Every structure is written in C-alpha cells, then in structure tokens.
Amino acid sequence: MNSRPAPGTPMTFQWRKWDGSPHWKHECVYLGADEWGDWIGQPVGWRSERPGVRFDASTPSNVTLIPAINHIGQRRKVTLLPHAGDYALRVNRDHPSKMRVYIDLGWDIRWSEDDPLLVTGIDMDLDVIRIESERGTWVDDRDEWAEHSIRYGYPADVMTHLEALALDLETRVRAQSPPFDDAVPDFWLDMMAALDLDRRPESQTH
C-alpha cells in the first residue's frame with residue numbers, strides 16, 4: 001500500500017504520449033484528498049516543461065484533481081492504493097483569459113508504485129474547457145485527436161470510451177455539478193494560497 005505525501009510536499013506530475021515519449025512535466029505540491037480524489041496544485045513560479053518548451057507558472061495559481069475513478073467511469077471510494085484514471089481536472093483562479101476549467105483526457109493516470117512523489121499519465125489529446133465568457137464550455141483539440149489516433153494507433157475501445165467521456169464531462173462542466181463547481185476547487189485553491197509556496201523572482205535560482 002502506498003501512502004500519500006503530507007500536504008505541502010513537492011511532487012511531480014509527468015505526462016507522456018501513447019508511444020511513451022515525454023510530454024508535459026509539472027512541478028506541483030500535494031494538497032490532500034476528498035471524496036473526489038487527490039488534489040495537487042502548482043503555485044506561482046513553479047516549473048512546467050516539455051521537450052523544447054519550459055516556463056515558470058505566473059499568476060494565476062491552479063489546482064488539479066486526480067479523480068478516484070476507474071477506466072469505465074465508475075466512482076470508487078478514495079483509497080491509498082494506486083488507481084488508473086482517464087482524466088485530470090485543472091481549475092484556475094483569476095486566469096487572464098478567463099479560463100476556469102481545463103480537463104485533460106488521459107489514460108493510465110496513476111500514482112507511481114515506485115516513487116511516492118510522482119503521478120504519471122498518458123495525454124490523450126482531447127480536452128474539455130470552460131471559459132467564463134460567452135463561449136462557455138466545449139470539447140477541444142478534436143483535430144489533434146484524429147491525427148494522433150492514426151499516428152499512434154489508439155485502440156478502438158479506448159477511443160470509444162474517451163469520446164463518450166469527453167461528452168459526459170462537457171455536460172457535467174456546463175452544469176457545474178461537483179467537483180466541476182466553484183465550491184469544491186475553491187477550497188483547495190484557498191488551501192494552496194495559505195501554504196504560501198509561491199516562488200517570487202528574487203528567490204528563484206534560474
């Protein structure tokens with residue numbers, strides 16, 4: 001059984017593509033767990049990078065939910081055992097583009113069995129986005145999804161599942177049902193703010 005880090009512990013979220021090639025890697029901090037799963041955050045000044053691109057997070061801060069679900073979308077109780085998920089929910093506060101919700105659909109999103117400070121997952125292109133403006137909520141990156149399904153040879157059952165999941169998440173985000181509401185993620189955003197882990201320019205070493 002793997003235990004979770006203590007709240008405030010630095011950790012890493014590493015995405016990869018279907019063929020195993022590296023994708024986004026985020027410096028994060030573990031915040032805690034609730035009935036929906038594990039919450040991690042990225043304070044201001046913490047690093048995100050992928051091959052050829054890297055940046056330090058500027059305002060706003062964001063939190064990400066690693067849901068306690070399995071591949072067929074069934075709810076599970078929060079547990080200390082590793083689980084494989086199919087999306088990661090990121091919620092922003094005061095985003096300059098008014099982006100409140102950004103959901104990465106994925107595959108095999110799980111806590112590492114070898115490193116207690118590492119979450120890994122396969123990025124599966126499709127995203128669900130909610131902007132606090134007239135545009136509202138939509139499923140994004142369908143073109144990339146179609147292109148990569150050919151390039152990487154996504155299995156048909158995986159594609160069928162994730163296409164249905166994207167539409168389901170779009171509906172739930174539009175309805176702002178928990179944890180896609182404001183109250184649930186705002187609790188964790190407030191907790192991260194209270195930890196005061198922002199890296200200000202004068203304290204950065206790069």
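In the predicted model, F13 is buried, its relative accessible area being 3%. W15 is likewise counted as buried, at 4% relative accessibility. Both residues fall in this class because the cut-off for a buried residue is under 20% relative accessible area.

Aromatic pairs were then examined. A pair of aromatic rings is described by the distance of the centres and the angle of the planes. The count of aromatic pairs in the model is nine. One of them joins F13 and W15, with 4.9 Å from centre to centre and 20 degrees between the planes. This pair of F13 and W15 is classed as stacked, because planes under 30 degrees apart meet that criterion.

A further aromatic pair is formed by Y30 and W111, whose ring centres are 5.7 Å apart and whose planes are at 70 degrees. The arrangement of Y30 and W111 is therefore edge-to-face, the limit for this class being over 60 degrees. Y30 belongs to strand β2 (residues 22–34) and W111 to strand β8 (residues 99–111). Y30 and W111 are both buried.

Ring pairs also connect W18, W145, Y152 and Y154, which form a cluster.

Two arginine residues were found over tryptophan rings. R135 lies over the face of W138, 3.6 Å from the ring centre. For R199, which lies over the face of W46, the distance to the ring centre is 4.2 Å.

Definitions and conventions. Residues numbered from 1 in each chain as written. Predicted model: local features only at pLDDT ≥ 70, side-chain atom pairs only at ≥ 80, totals over all residues. Heavy atoms only, no water. Phe/Tyr/Trp six-rings, centres within 6.5 Å; stacked < 30°, edge-to-face > 60°. Buried < 20%, exposed > 50% of the residue type's maximum accessible area, 1.4 Å probe, protein only. Helix = DSSP H or I, 4+ residues; strand = E, 2+ residues; numbered from the N terminus. Lys NZ or Arg CZ within 6 Å of the ring centre and 35° of its normal.
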